Amino acid sequence: MKIKVSIVARVLLGLCYFGFGIMGMFFMSKMTPPPMPEAATGFMKGMMGTGYFFPLLKITEISGGLLLLTGFAAPLGLVLLAPVTLNIFLFHAFLTPGPTELILPSIMTFLHVIAIAGYWKMYRPLFTKG
C-alpha cells in the first residue's frame, strides 16, 4: 500500500511539473499573466530579465517531470525538483498572500514528501556522517 501511494504521488508530481514546464516554455509568452502583488511582480521580472533563468527553470521542470513520469531515475528527478518545489511554496507563502494561493503549492509539497518517502532507503546515506 505504501509503495502504491508513493508511486501515485510521484506520477501526479511528474504530471504537474511536466505540464507546467511545457506550458511555461512554449505558451507563457502568448499569455497575459494574472495581476500579482508588487513584490511577486518584481521577482518574476528579475527571473525573466536574466534571459537564461526562466528557460533553465522550465527545462528543469520538464526533464524532472519526465523522470518522475517514466520512473527512470525518479530519485534523481525528485532531488532536481526539490529546490523548485520549495521555491514555489515559499513564493506563494511570502509574495502572494492569501490561503487560496497556497493550495496547489501545498499539494505539490505534500506529493514531493510522499514521493521522497518511497525512495528513502536511497536518500538515507546522504544524511549520515561521512
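Trainee: Is Ala-117 buried, partly exposed or exposed?
Mentor: Keep in mind that this is a predicted model. Burial is read from relative accessibility: buried means under 20%, exposed over 50%, and partly exposed lies in between. Ala-117 has 34% relative accessibility, so Ala-117 counts as partly exposed.

Trainee: Where does Ala-117 sit in the fold?
Mentor: Ala-117 belongs to helix H5, which covers residues 103-118. The protein chain has 6 helices and 0 strands.

Trainee: Which residues line the second largest pocket?
Mentor: Lining residues are those with an atom within 4 Å of a pocket point. Here Ala-117 is one of them, and Gly-118, Tyr-119 and Trp-120 are among the others. H1 gives the largest share, 5 residues, while H5 and helix H6 (120-123) each supply at least two. The volume of this pocket is about 220 Å³, and its lining has 5 nonpolar, 2 polar and 4 charged residues.

Trainee: What volume does the largest pocket have?
Mentor: The largest pocket has a volume of about 1,100 Å³. Of its 36 lining residues, Met-28, Met-44, Lys-58, Phe-91 and His-92 are the closest to the centre. By class, the lining has 24 nonpolar, 8 polar and 4 charged residues.

Trainee: How much of the protein chain is buried?
Mentor: Buried residues make up 29% of its 130 residues.

How values were computed
Residues are numbered from 1 along each chain as its sequence is written. This is a predicted model: local features need pLDDT of at least 70, side-chain atom pairs count only at pLDDT 80 or more; totals for chains, interfaces and linings use all residues. Side-chain values use heavy atoms; hydrogens and water are left out. Helices (H or I, at least four residues) and strands (E, at least two) are DSSP runs, numbered from the N terminus. Buried means under 20% relative accessible area, exposed over 50%, partly exposed in between (1.4 Å probe, protein chains only). On a 1 Å grid over the protein atoms alone, a cavity is a set of points where a 1.4 Å probe fits but cannot get out, and a pocket is an open set with protein on both sides within 12 Å along at least five of seven lines; lining residues have an atom within 4 Å of a point. Grid points are joined across faces, edges and corners, and a volume is the space filled by probe spheres set on the points. Ala, Val, Leu, Ile, Met, Phe, Trp, Tyr, Cys and Pro count as nonpolar, Asp, Glu, Lys and Arg as charged, and the others, Gly among them, as polar.
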